[in-house]
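Dear colleague,

Please find the structure below, followed by a short account of what was found in it.

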Amino acid sequence: HVEALNNVDIRPQISGQLLSLGFQEGQAVKAGQVIAQIDPRMFEATVAEDKANILQDKASLENMETVAVRAAPLFTKGLVSAQALQADRAQVDVLRAKLAADQAILSRDSVELGYTTITSPINGVAGLQDVTVGNIVTPQDSSPIVTITQEQPIAALFPFPAPQLLQIQQAMAASSSPLTVEAWSQSGSVK
């Protein structure tokens, strides 16, 4: 019998409303082709908020670094206490950590935004569409959006009696070229 080397169930990695599908049942699809689009607006807003938080953090950090730099000479003159100088420097470290955390949040949210566009990981044929545009899809859905089946290359599996295995191995070892195989239809009428 013949079977595909790869079958890929296309599922969402985030939850949202399905806006569009980029395939038709039975259609050949290419690796990287858009298969489905989930509403990205909420994820875009989150990324925009993350970027604004980073700008705010950078401004606060720059301001606090300036305050700490100005406090150092004042400390040597006895105009600022050691405790105040240490507090300023600690605040700089806190703001640097907050900036790093907000940059990590932006990275995570950018990845989630990318999940709103679902692409095919392989070349193949789109199977039956299991969900329609307008539905809410989630990673926990029992059915995939579609299954992509690879057709090239494909595997042909055939049984043979175990005693013939030794003959086949000997023929393969004795030949410098690969063994040839003929495939026939089930009726035996078409090669």
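**Helix H1 and the cores**

Helix H1 (residues 41-76) has 36 residues and spans 53 Å from its first C-alpha to its last, close to the 52 Å expected at 1.5 Å a residue (1.5 Å times one less than the number of residues). Helices (H or I, at least four residues) and strands (E, at least two) are DSSP runs, numbered from the N terminus. This is a predicted model, in which local features need pLDDT of at least 70 and side-chain atom pairs count only at pLDDT 80 or more, while totals for chains, interfaces and linings use all residues. Residues are numbered from 1 along each chain as its sequence is written, and side-chain values use heavy atoms, with hydrogens and water left out.

Among the buried residues of H1 are Phe43, Ile54, Leu61 and Ala68 (buried: under 20% relative accessible area, 1.4 Å probe, protein chains only). The buried residues of H1 pack against helix H2 (82-114), contact being heavy atoms within 4.5 Å.

Strand S5 (residues 34-38) has 4 of its 5 residues buried. Antiparallel pairing, with 3 bridges, links S5 to strand S3 (residues 16-21), and 3 bridges also join S5 to the antiparallel strand S6 (residues 117-119); strands pair if DSSP finds at least two bridges between them.

The largest nonpolar core has 18 residues, of which Ile10, Phe23, Ile35, Val146 and Ile148 touch the most other members. Such a core is a set of buried Ala, Val, Leu, Ile, Met, Phe, Trp, Tyr and Cys residues joined through side-chain atoms within 4.5 Å. S5 gives this core its largest share, 3 residues. A second, separate core of 9 residues includes Ile54, Leu61, Ala68 and Val92.

Yours sincerely

Conventions: Buried < 20%, exposed > 50% of the residue type's maximum accessible area, 1.4 Å probe, protein only.
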